[in-house]
Amino acid sequence: MNIRAFYRATKVENTQPPYDTIHLKVFYPAKMSGSDQEQNQGIVPADPQQAPFPIVILFNGINCNPELYKWLAIKLSERGIVVVTFAWVAENFPGVIAMTPGVNIAMLAPDTYGTAPTASALPAFLKELKCINSEGILAGMLDLEKIILGGHSAGGRVAIESASPHFFPQVVAAFGYGVHTAAGKMLGYEAATILPLPDLLPLLLIGGICDGVIANSSNRYGTIWKEPTTPVSRTFHEAISGGRNDSYLMLVKGANHFSFVDPFDSTTGRPFIDFPATQPEDEIRSLIAETIGLFIDCHVRQQPKAFDQLKVLLNNSHPLIKSFERK
């Protein structure tokens with residue numbers, strides 16, 4: 001299959017320049033046509049036989065370039081999904097300029113948490129997706145009522161916290177890697193507090209048992225985690241009640257915090273506090289991509305065969321799966 005991408009730019013309301021512009025990269029399943037436009041401008045049409053396309057908005061970790069997630073965007077697009085990655089350089093925290101997933105700090109406070117999404121850029125993305133669906137390569141091919149939020153680290157957190165039909169009716173599922181909802185003590189929470197999630201949509205949480213970034217960041221939450229995946233597991237057990245059999249927790253053997261990115265970039269972020277991965281990272285990423293893809297095929301695209309495939313994958317003693325839970 002031929003996967004192509006194009007670029008867009010959009011503005012975030014109520015944000016001061018020069019930090020009010022986000023650059024998007026939109027991946028899609030393409031079909032070569034041999035047209036002059038294709039030959040001269042590199043504009044390749046989408047494959048109409050796979051439309052309408054559900055959409056994944058992929059939120060990066062702090063100071064993680066969106067190109068680090070191209071591998072996953074391509075894997076998901078090969079399944080007939082449009083994937084949006086983005087680059088937003090902004091004041092992520094007061095006085096700190098960074099590549100940001102767009103964390104709305106005000107919505108993490110004890111008196112506001114849960115009343116609004118923590119993904120501050122999401123309204124801008126949804127507006128731009130309407131424009132993309134109205135003209136150009138993907139005109140009329142997007143399923144704007146099937147939007148999945150996903151992400152890594154802090155980006156995964158804003159994805160799972162913002163996935164509620166009360167906030168955005170067109171959002172239908174969420175996933176995150178290396179993510180939890182532990183509450184920062186600096187915001188006024190008690191030590192080791194796990195904040196609740198909306199718990200209204202299908203959810204997939206994935207963690208690596210060698211996640212040194214989570215393990216070495218426990219001081220932010222006034223505690224020491226028993227295991228690197230402790231807050232990930234606690235988020236699954238405490239932040240959602242479940243009961244619909246569409247919420248999942250998968251812990252991966254040998255995976256660390258940055259097993260979710262490729263290529264690895266040691267120049268930004270905090271990779272120096274991570275633990276070494278102890279399993280082949282291409283195999284780890286293959287498992288992650290397959291699990292996310294089947295999760296979407298099951299709970300967004302309602303493909304009957306995908307339920308059986310996901311069940312086999314998660315319950316058939318895959319050598320890299322340390323544990324799996326569903327509720």
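**Pockets, cavities and one buried asparagine**

By class, the largest pocket is lined by 20 nonpolar, ten polar and five charged residues. Hello everyone, and let me start there. Please keep in mind that this is a predicted model.

How big is this largest pocket? Its volume is about 910 Å³. There are 35 residues in the lining, and Ile62, Phe93, Ala154, Arg220 and Tyr221 are the closest to the centre. Two helices, α4 (154-162) and α5 (212-215), each supply at least two residues of that lining. Which of them gives the most? That is α4, with four residues.

Now for the second largest pocket, with a volume of about 330 Å³. Here 18 residues form the lining, and those nearest the centre are Trp88, Ala90, Glu91, Asn92 and Val103. Sorted by class, nine are nonpolar, eight are polar and one is charged.

Rolling a probe the size of a water molecule over the atoms shows where empty space is left. In this model, the count comes to two cavities of 30 Å³ or more. The largest cavity has a volume of about 70 Å³. Its lining includes Ile160, Ala163 and Ala174, along with Asp199 and Ile240. By class, that lining has ten nonpolar residues, no polar ones and one charged.

The second largest cavity has a volume of about 30 Å³. Around it you will find Asn63, Cys64, Leu68, Phe258, Val261, Asp265 and Thr268. Four of the lining residues are nonpolar, two are polar and one is charged.

Next, a quick stop at helix α6, residues 230-238. Which of its residues are buried? They are Thr230, Pro231, Val232, Ser233, Thr235 and Phe236. These buried residues pack against β9 (203-208), α5, β10 and β11 (321-326).

Finally, the asparagine from my title. Asn256 sits in the loop between β10 (247-252) and α7 (281-299). Is Asn256 buried or exposed? Its relative accessible area is 8%, so Asn256 is buried, the cut-off for that being under 20%.

What does the side chain of Asn256 meet there? One of its polar atoms lies 2.9 Å from the backbone nitrogen of Ser259. On the backbone of Phe275, the oxygen lies 2.8 Å from a polar atom of the Asn256 side chain. Leaving aside residues up to four places away in sequence, Asn256 touches Tyr177, Cys210, Asp211, Asp274, Phe275, Pro276, Ala277 and Glu281.

Definitions and conventions:
Residues are numbered from 1 along each chain as its sequence is written. This is a predicted model: local features need pLDDT of at least 70, side-chain atom pairs count only at pLDDT 80 or more; totals for chains, interfaces and linings use all residues. Side-chain values use heavy atoms; hydrogens and water are left out. Buried means under 20% relative accessible area, exposed over 50%, partly exposed in between (1.4 Å probe, protein chains only). A polar contact is a pair of N or O atoms within 3.5 Å; within protein, one must be able to donate a hydrogen and the other to accept it, and residues adjacent in sequence count only if both atoms are side-chain atoms. Contact means heavy atoms within 4.5 Å. On a 1 Å grid over the protein atoms alone, a cavity is a set of points where a 1.4 Å probe fits but cannot get out, and a pocket is an open set with protein on both sides within 12 Å along at least five of seven lines; lining residues have an atom within 4 Å of a point. Grid points are joined across faces, edges and corners, and a volume is the space filled by probe spheres set on the points. Ala, Val, Leu, Ile, Met, Phe, Trp, Tyr, Cys and Pro count as nonpolar, Asp, Glu, Lys and Arg as charged, and the others, Gly among them, as polar.
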